[in-house]
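Please follow the strand pairing in this model first, and then turn to the ligand and its surroundings.

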Amino acid sequence: MHVIHRRGWELPEREATPENLFFSRRTLLAGAGAAAAAALIPGSAAAQRRADLPDPTASLYPVKRNAKFVLDRPITDETINTTYNNFYEFGSSKTISRAARALIIRPWTIKLDGLVDKPMEIGIDDLLKRMPLEERLYRHRCVEAWAMAVPWSGFPLAKLVELAKPLSSARYLQMQTFLDASVASGQRQVWYPWPYTEGLTLAEATNDLAFLVTGAYGKPLPKSMGAPLRLAVPWKYGFKSIKSIVRFSFTAERPRGFWERLQGSEYGFWANVNPEVPHPRWSQASESLLGTDERRPTQLFNGYGEYVAQLYKGLDGERLWV
Ligand SMILES: Nc1nc2c(c(=O)[nH]1)N[C@H]1C(S)=C(S)[C@@H](COP(=O)(O)O)O[C@H]1N2
Ligand SMILES: [Mo]
């Protein structure tokens with residue numbers, strides 16, 4: 001595993017390559033040990049049946065749209081968004097939607113722990129009963145320079161923070177994806193720092209825009225998009241929007257995310273969208289709109305500066321844009 005943890009600057013090529021291509025090249029470098037680790041383990045028929053159960057929350061949707069959040073572009077075609085995904089647990093290509101069907105989303109228990117009044121566990125359906133669901137139209141900007149626009153359903157992350165009752169010593173929120181290599185073959189690729197994690201400051205997490213997603217396109221969230229619970233932080237690069245969350249931990253120390261652990265020089269903690277700060281291997285000046293031939297100029301904070309710019313005042317020494 002240590003062999004694979006080489007840095008970007010040790011790689012022979014520095015051309016503009018999306019994160020997935022970069023890491024599939026890394027896969028080749030990993031050699032025989034990795035190939036053995038990636039060997040398929042057949043899933044059981046029982047697990048398959050559990051994965052096929054209809055989503056019990058279907059009757060909750062559609063939910064009322066919050067008119068405050070408007071788009072400057074058409075909503076991306078639903079079939080594109082459900083079949084063109086980044087979800088490394090199921091593979092490093094964009095076509096993981098079939099593999100992601102193996103994910104078992106009930107029961108789905110979420111832990112709230114760390115620096116909280118009282119650690120707790122709550123099932124997703126109990127959580128949904130306690131949370132005010134609404135629909136929001138958000139842009140999403142992947143660090144790979146493609147963008148989409150999605151009608152998400154869900155509730156403000158601030159509401160979950162309220163439920164968890166963090167102590168005054170808590171400064172950050174770390175979120176963690178499920179870990180089950182028997183359904184997610186990507187998690188057998190041992191050179192990745194599984195489980196996927198991401199983090200926010202508490203000020204970011206309780207900001208109006210930070211949204212926990214449980215549905216999309218007026219339906220329960222598809223597995224390929226991170227069912228049953230994923231984050232949407234639209235002013236940051238897409239890798240911050242962690243999927244299939246099982247744990248929220250409140251910490252005093254800044255957490256290090258999955259991509260930051262893999263390649264800290266390219267994927268940092270803040271990762272706010274900025275057209276003027278290129279990724280080390282490509283420009284961020286413009287973005288392509290998924291499902292169209294259109295390119296648009298990238299906007300600072302992905303166009304959400306009025307909501308979030310004040311969060312970053314006085315943080316000039318920080319790498320806010322990587
Ligand atoms: N657990 C997990 N969350 C994840 C990822 C991932 O690989 N695993 N990819 C991230 C990246 S890079 C992006 S752009 C978005 C993609 O979301 P989508 O597939 O719904 O478009 O999910 C983010 N969340
Ligand atoms: Mo991304």
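Predicted model: local features only at pLDDT ≥ 70, side-chain atom pairs only at ≥ 80, totals over all residues.

Ile110 has Ile122, a residue of strand E2, as its bridge partner. Strand E1, which spans residues 109-114, pairs with E2 in the antiparallel sense, and four bridges join the two strands.

This pair belongs to an open sheet of five strands, whose order reads E2-E1-E10-E5-E6 and whose pairing is mixed. Because strand E2 (120-123) and strand E6 (197-201) each have a single partner strand, they stand at the edges of the sheet, and one side of each is left there without a neighbour. From one strand to the next, the twist averages 20°.

Helix H7, made up of residues 157-164, lies across E1, E2, strand E5 (172-177), E6 and strand E10 (245-251), and its direction makes an angle of about 65° with E10.

The remaining topic is the ligand. There are 19 residues around ligand 1, and those that come nearest are Asn85, Tyr88, Glu89, Ser241 and Lys243. In the case of Asn85, a polar side-chain atom lies 2.9 Å from an oxygen atom of ligand 1, whereas Tyr88 places a backbone N or O atom 2.8 Å from an oxygen atom of the ligand. With Glu89, an N or O atom in the side chain is 2.8 Å from a nitrogen atom of ligand 1. On its own, ligand 1 has 530 Å² of accessible area, and the protein covers 100% of that area.

Definitions and conventions
Residues numbered from 1 in each chain as written. Chains lettered and ligands numbered in written order. Heavy atoms only, no water. Pairing = 2+ DSSP bridges. Axes fitted to C-alpha atoms, helices over the stretch in contact; angles between N-to-C directions. Contact = heavy atoms within 4.5 Å. Near = heavy atom within 4 Å. Polar contact = N/O pair within 3.5 Å; in protein donor to acceptor, adjacent residues only side chain to side chain. Areas by Shrake-Rupley, 256 points an atom, 1.4 Å probe, with all protein chains shown as cover.
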